[in-house]
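For each label, we will ask what it rests on.

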Amino acid sequence: MVRWINWMSGRCGAKELESLSRMENLTKLILQSNPELPEDFLEGLPKLQRLPRLHFYTSREKAEFDQSNLVPALAGMPNLVQWPPLRELSQDDFTLMAQRKNITYVNILSDISEDIDREKLKTMLGNQDLESLFVPRREMFDSLDFLKGQNRLEHLRISAGGLRGSQLSPLGSLQSLKNLEINVEYADQLSFAPLADCPQLESLTISGELMGAIDLEELHRSRSLRRLSIQSGPIDDSAADWLCRGESIVDISLGRDCVLTSAGIKKLASKKSIETLDVGGFLSLQDVEILSTLPNLRRLTIRSPMLSEADQSKLESILPNAGSIYLYPFNLLRGPSEKGTHGFLQTSDDELRKVRDALEGKPAPELRGELVSSTGEVIDLKNLHGKVVLVDFWGTWCGPCRSMMPLLSKLQEKYGDQGLVTIGIHSQLASETLEGYLRTHPKSWPQIIDANDEFAKSYQVKSYPTLFLIDRTGKLRVVQPHVVGLEAAIAKLLAEY
């Protein structure tokens with residue numbers, strides 16, 4: 001009794017599909033690798049009237065059938081509940097899908113064109129009794145309310161790039177959600193806190209730019225989350241604190257922008273339930289050795305400039321209970337980095353090194369200007385002695401500059417009472433757009449316009465964004481602190497004097 005078929009090669013057209021239609025117990029057809037899909041493939045699909053599951057694990061670029069007619073053919077299969085991955089969908093395709101009430105699996109591979117009615121799309125998805133939903137990486141919804149009531153939904157992959165604040169809250173009410181992959185690129189102050197309320201969530205993968213997301217530490221409240229993978233975004237020792245409070249989290253991957261020190265790895269070593277660990281940072285053999293106290297560790301991945309391939313066998317002897325140990329280069333996604341002689345993590349390139357040699361350790365160049373959107377109020381660096389000053393050279397036209405804003409907001413809110421003052425220096429280029437931008441994206445720190453790029457010249461700014469840290473004595477201490485180590489640098493300067 002054949003229940004499923006994995007078709008890996010050979011012709012699969014109308015004749016072959018008609019033969020399959022006579023298999024009464026067939027519940028799944030998988031087209032994998034390189035089967036031939038001729039022009040009459042679509043003609044044969046509706047013959048599979050009883051088939052509930054159809055999967056494509058194959059390249060369709062070589063298929064001979066007209067792929068724009070795929071959805072109409074699938075719509076002619078009344079029992080099909082798990083549809084194959086879909087591309088290049090039209091409004092008519094969504095209309096056909098909306099007529100079905102038994103779709104449990106939707107995987108949209110391509111971006112959805114602008115002529116698609118997004119509200120109708122959400123309505124269609126909301127009306128299905130879904131078990132799995134995957135939408136394209138760049139697809140952005142302005143709300144996830146259409147997922148409310150999807151209490152059979154177990155697997156979800158979605159972009160949160162168009163969301164803000166607590167707009168992930170509908171996910172917290174999903175009673176069956178077990179696996180969530182979420183892309184947060186272009187998210188603006190998006191809170192992860194609602195995800196801690198998903199009662200069955202076991203696996204969470206976060207990709208995209210994390211600087212626009214907040215409340216990551218709230219995930220420690222989850223009682224079901226076992227696997228957490230953060231694929232990008234600045235992660236430092238503070239993550240070790242809340243991860244150790246997360247009782248259920250045992251598989252931890254902190255991505256290529258993770259920079260732990262010996263303190264962070266020591267903290268993680270106290271979490272005895274860890275089974276897999278993937279971290280990076282300035283970690284020596286002695287730092288990693290402490291992980292030998294983890295009785296359940298079965299897989300370890302380390303990225304550190306202090307370890308080489310030659311250390312592989314040493315680690316295997318230090319950690320005999322770890323089933324697999326992997327060493328990878330220390331290569332941050334947010335750009336190359338190095339530790340300066342002062343111990344701060346900084347962005348690394350030849351031009352910046354010249355600027356450091358010229359400016360670091362000396363009194364900071366003058367900064368004085370009238371605040372944007374004010375009535376003559378002026379900010380002057382000379383009046384900020386006793387404060388730690390973060391200077392941000394940026395522009396509204398600069399995507400990386402805008403993506404950094406949520407991180408700067410978080411840091412100013414967290415350390416403002418301790419003496420941190422952030423100053424935004426907008427470039428002369430497109431300065432006329434700044435007031436409008438600030439009306440829709442208000443900032444809690446002062447902004448001035450760099451008339452004729454005077455300040456950029458005195459600070460030798462080569463690109464945007466460029467950051468500078470000035471200590472409480474008015475001395476310029478750090479040129480372009482790396483975004484991954486920015487918070488640690490601020491905390492260290494605040495603790496001085």
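**Labels and what they rest on**

Q: Where is the place of P465?
A: P465 belongs to the loop between helix 14 (454-458) and strand 25 (466-470). Helices (H or I, at least four residues) and strands (E, at least two) are DSSP runs, numbered from the N terminus. Please keep in mind that this is a predicted model, in which local features need pLDDT of at least 70, side-chain atom pairs count only at pLDDT 80 or more, and totals for chains, interfaces and linings use all residues. Residues are numbered from 1 along each chain as its sequence is written, and side-chain values use heavy atoms, with hydrogens and water left out.

Q: What is the omega of the peptide bond from Y464 to P465?
A: Omega is near -5 degrees, and this bond is cis.

Q: What percentage of the residues of the chain count as buried?
A: Of 497 residues, 54% are counted as buried. Buried means under 20% relative accessible area, exposed means over 50%, and partly exposed is in between (1.4 Å probe, protein chains only). The chain's accessible surface comes to about 22300 Å², and carbon and sulfur atoms account for 47% of that.

Q: What makes P84 buried?
A: P84 has a relative accessible area of 1%, which is under the cut-off, so P84 is buried. You will find P84 in the loop between helix 3 (70-75) and helix 4. Not counting residues up to four places away in sequence, P84 touches L54, H55, F56, L74 and N107. Contact here means heavy atoms within 4.5 Å.

Q: Why is V184 called buried?
A: The relative accessible area of V184 is 0%, and therefore V184 falls under the limit for buried. V184 lies in the loop between strand 8 (179-183) and strand 9 (188-191). Leaving aside neighbours within four places in sequence, the contacts of V184 include A160, L190, F192 and I206.

Q: How do you know that F65 is buried?
A: With a relative accessible area of 4%, F65 is under the cut-off, so F65 counts as buried. F65 is in the loop between strand 3 (53-58) and helix 3. The C-alpha atoms of F65 and P38 are 5.7 Å apart, although 27 residues separate the two along the chain.

Q: Why are helix 12 and helix 15 called roughly parallel to each other?
A: Helix 12 (residues 399-415) and helix 15 (residues 486-495) pack at about 25 degrees, with axes 11 Å apart. Angles under 35 degrees count as roughly parallel, over 145 as roughly antiparallel, 65 to 115 as roughly perpendicular and the rest as oblique. Helix 12 and helix 15 are therefore roughly parallel. In the contact, residues including L407 and L411 in helix 12 meet residues including I490 and L494 in helix 15. The residues of this contact divide into eight nonpolar, no polar and three charged. Ala, Val, Leu, Ile, Met, Phe, Trp, Tyr, Cys and Pro count as nonpolar, Asp, Glu, Lys and Arg as charged, and the others, Gly among them, as polar.

Q: What makes helix 4 roughly parallel to helix 5?
A: The axes of helix 4 (residues 91-98) and helix 5 (residues 118-127) cross at roughly 25 degrees and come within 9 Å. That angle is under the limit for parallel, so helix 4 is roughly parallel to helix 5. Q91, F94, M97 and A98 of helix 4 make the contact with K120, L121 and M124 of helix 5.

Key: Axes are lines fitted to C-alpha atoms, for helices over the stretch in contact, and angles run from 0 to 180 degrees between N-to-C directions. Accessible areas come from the Shrake-Rupley method with a 1.4 Å probe; for residues, only the protein chains shown count as cover.
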